[in-house]
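Hello,

Here is the structure you asked to see. Please open it first, then read my notes below.

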Amino acid sequence: MKIEIDLLTCKDFGECALSAPKIFKMDESGKQSLRLNTTASKVVFDVLEEERNSAEEAVIVCPMQALAIQ
Ligand code: SF4
């Protein structure tokens, strides 16, 4: 499965990292760590099938609706 994050919409609240810590992490400054590797506004990446439940929970809890499963 793949998950998409809209980094323009994301406001670094960090709920995704609490719900799916193996998928999302916050960096030392409290920013979504996926920002470190790109200047793109959207990032799509593979997630292990065994992490599906965590990924789905992150999509639900994100207050900005910045996440989508593809
Ligand atoms: S929960 Fe949503 S707004 Fe918060 S860091 Fe994750 S993707 Fe960004």
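Start with Lys2: its bridge partner in strand 2 is Asp46. Strands here are DSSP runs of E with at least two residues, helices are DSSP runs of H or I with at least four, and both are numbered from the N terminus. This is a predicted model, in which local features need pLDDT of at least 70 and side-chain atom pairs count only at pLDDT 80 or more, while totals for chains, interfaces and linings use all residues. Residues are numbered from 1 along each chain as its sequence is written.

Now the sheet. Strand 1 (residues 2-6) and strand 2 run antiparallel, joined by five bridges. Two strands pair if DSSP finds at least two bridges between them. The sheet is open, with three strands in the order 2-1-3 and antiparallel pairing. Strand 2 (42-46) and strand 3 (67-69) are the edge strands, each pairing on one side only. On average, neighbouring strands are turned by 20° against each other, direction ignored. (Axes are lines fitted to C-alpha atoms, for helices over the stretch in contact; angles run from 0 to 180 degrees between N-to-C directions.)

Next, the whole chain. It has two helices and three strands. From the N terminus on, they run β-α-β-α-β. Helix 2 (residues 52-61) lies across strand 1 and strand 3, at about 140° to strand 3. Contact means C-beta atoms, placed from the backbone, within 7 Å. Among contacts between residues at least 6 apart in sequence, 74% join residues at least 24 apart.

How many of the 70 residues count as buried? The share is 19%. Buried means 20 or more other C-beta atoms within 10 Å of the residue's own, exposed means 12 or fewer, and partly exposed lies in between; C-beta atoms are placed from the backbone.

Two loop residues deserve a look. Most residues other than glycine have a negative phi. Asp12 is not a glycine, yet its phi is positive, about 60°. Asp12 sits in the loop between strand 1 and helix 1 (15-19). Asp12 counts as partly exposed because it has 17 C-beta neighbours inside 10 Å. Gln65 also has a positive phi, near 55°. Gln65 lies in the loop between helix 2 and strand 3. Gln65 is exposed, with 11 other C-beta atoms within 10 Å.

Last, the ligand. Of the 14 residues around the ligand, Cys10, Phe13, Glu15, Cys16 and Cys62 come nearest. (A residue is near if its C-beta atom, placed from the backbone, lies within 6 Å.)

Best wishes

Note on methods. Two residues are in contact if their C-beta atoms, placed from the backbone, lie within 7 Å.
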